[in-house]
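Try each task before reading its solution.

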Amino acid sequence: MTKELIAIFLGGGTGSVLRYCVQLALHERIVPYNFPWATFTVNIVGSFLIGLFYAWSARFNLPTDLRLLLTTGLCGGFTTFSTFSNDGLTLLKQGYGSLFLLYVALSIVLGTAAAFAGNWCGR
């Protein structure tokens with residue numbers, strides 16, 4: 001059990017740092033910041049990666065600790081539902097109702113499609 005927890009811990013820390021780097025990179029390049037591009041990007045990319053990693057896990061019979069490092073750890077630390085929710089709330093508070101609906105719809109539809117694509121690529 002300890003080996004799995006360490007794998008999740010390492011993957012989660014790495015994913016969180018990567019998410020922060022994406023946020024820094026996108027916020028420096030996208031002005032004005034009306035749409036939460038960083039959260040949107042990490043959630044779509046993370047959805048693709050989790051689909052890919054689960055497919056690889058099944059295809060190559062990856063050890064449990066490696067699967068947990070990549071999925072629960074890395075993807076869990078990289079993607080963020082709480083920030084997605086807060087960004088949506090911020091859009092609503094700022095009066096961007098239609099942008100909020102677009103953000104939510106695109107995040108769900110493209111996130112699911114990305115997970116499917118990642119799974120397909122991994123097979």
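**Exercise 1.** Is Leu10 buried, partly exposed or exposed?

*Solution.* This is a predicted model: local features need pLDDT of at least 70, side-chain atom pairs count only at pLDDT 80 or more, and totals for chains, interfaces and linings use all residues. Residues are numbered from 1 along each chain as its sequence is written, and side-chain values use heavy atoms, with hydrogens and water left out. Start with the cut-offs: buried means under 20% relative accessible area, exposed over 50%, partly exposed in between (1.4 Å probe, protein chains only). Leu10 has a relative accessible area of 47%, so Leu10 is partly exposed. Leu10 lies in helix 1, residues 2-29. Helices are DSSP runs of H or I with at least four residues, numbered from the N terminus.

**Exercise 2.** Check the length of helix 2.

*Solution.* The expected span is 1.5 Å times one less than the number of residues. Helix 2 has 24 residues, so it should span 34 Å. Its end C-alpha atoms are 34 Å apart, which agrees. Just after helix 2, Asn61 takes a positive phi of about 50°.

**Exercise 3.** Which residues does Ala114 touch, leaving out those up to four places away in sequence?

*Solution.* Contact means heavy atoms within 4.5 Å. By that rule, Ala114 touches Ile44, Ser47 and Phe48.

Methods
Helices (H or I, at least four residues) and strands (E, at least two) are DSSP runs, numbered from the N terminus.
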